Amino acid sequence: MAKTKPKKKPEYLTKIIKEYGNIISNGLDVLEEKKNYKVISVSPAIDIALGGGIKEGSFVMLTGDPKSGKTTTAMQIASNCQKEGRPVIYLDAEGRLKDMNFEVHNLDPNKMEVIHPEDKPLPAEEFLDVAYKLMSHPDYYGAVLIIDSISSLMPSKELDGDMTPGRAGLPKILSVFTKKIGQLLPRQRGLVIAITHYIANTSGFGKAKMSDGGNKIQYQADVRMEIGSGGERAPAVAPWLNSNKDRIGQAVNWKIICSSMGAPGAQVQSWIRYGHGIDKVQEILMLAHDLGMVDKAGAWLTCTFMLEHKGLAKEINPALNVDDDEAVLKNFKYQGQDKLYTFLSENPKVVDVLVKQIKEML
């Protein structure tokens, strides 16, 4: 049977392509290309809430009050990207980059480009122009750009003028930037993480607080995550205490406003350990408990899920009689969350099977 010859492009399409380049593609080809985009991980709990993670080529917005975990979360994404060999660009608009901001597991500051003027303040136009030029360069293919923060960018008119307040120009500048970067990101397979703060909503309509930066940047966002209260029992940010009542981190409650991979509206709790970043083991531990995979009785925590993974149980303890369910449960019973956490930290294979089982359940 003779093969069907590909249809010849009409003359008018040939002329357009000759003048503007190869800008016209079949819809199915575009769809297949989008399916091949890689997924970037944030953390186990956040990935599940997002529907899998963040697709490369996305514009991400992280919004919340000061000191709530936005920069740490952005740096965690950067660390995950570095594992894949992706370049990282950090736009330090706030000028408050501290040693603690680099205290994220496996984050390599030596493989980051930090844009921070030392001799004079840099206006928003120049900050964003430098960022765009770097992101569009072939050397930065697949790069992640962190803008920290949108709220601290100052237009040149505001920077060069007096102290009279007025930020009307910034949303327009951001509008131009998001339009330009929006066409660049899919082609370069890059990622932009824009950190914004809450500001008072003076319109008299809607919520009391709103994200800074104007409407256009929110329309551009493929992923929007906001730190907010989930009710009286779930404040926006809560202290994380160990068994000795020492504060070792904080629990952050995120609301998924929109996602590039899943439905909007999900709420998720992430755990940030000081000096470490997002604690993935703690997230898995809490998810397993919430889903009934870990049974709690007083101070005792029992890994009931190990009954479904007796081969792994035998690998961890060769002397264990895995045909005796009571013996299995007794072997994987821990007094206090700290001891269960230690067990999971020392057994990454157990964490892997938990992640797989949790994803299957959700």
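Axes are lines fitted to C-alpha atoms, for helices over the stretch in contact, and the angles between their N-to-C directions run from 0 to 180 degrees. With that convention, helix α12 and helix α13 in this predicted model pack at an angle of about 95 degrees, and their axes are 5 Å apart. Angles of 65 to 115 degrees count as roughly perpendicular, and α12 and α13 are therefore roughly perpendicular to each other.

Where the two helices meet, Phe343, Leu344, Ser345 and Glu346 are the residues contributed by α12, while α13 brings Pro348, Val350, Val351 and Leu354. The residues of this contact between α12 and α13 divide into 6 nonpolar, 1 polar and 1 charged.

Helix α12 also lies across strands β15 and β16, and its direction runs at about 130 degrees to β16. These strands belong to an open sheet of 3 strands, arranged in the order β14-β15-β16 with antiparallel pairing. The edge strands are β14 and β16, each of which pairs on one side only. On average, neighbouring strands of this sheet are turned by 20 degrees against each other, direction ignored.

The elements and their residue ranges are set out below.

| Element | Residues |
|---|---|
| Strand β14 | 295-297 |
| Strand β15 | 300-302 |
| Strand β16 | 333-335 |
| Helix α12 | 337-346 |
| Helix α13 | 348-361 |

Within the sheet, β15 and β16 pair in the antiparallel sense over 3 bridges.

Terms used:
Residues numbered from 1 in each chain as written. Predicted model: local features only at pLDDT ≥ 70, side-chain atom pairs only at ≥ 80, totals over all residues. Heavy atoms only, no water. Pairing = 2+ DSSP bridges. Helix = DSSP H or I, 4+ residues; strand = E, 2+ residues; numbered from the N terminus. Contact = heavy atoms within 4.5 Å. Parallel < 35°, antiparallel > 145°, perpendicular 65-115°, else oblique. Nonpolar A, V, L, I, M, F, W, Y, C, P; charged D, E, K, R; others polar.
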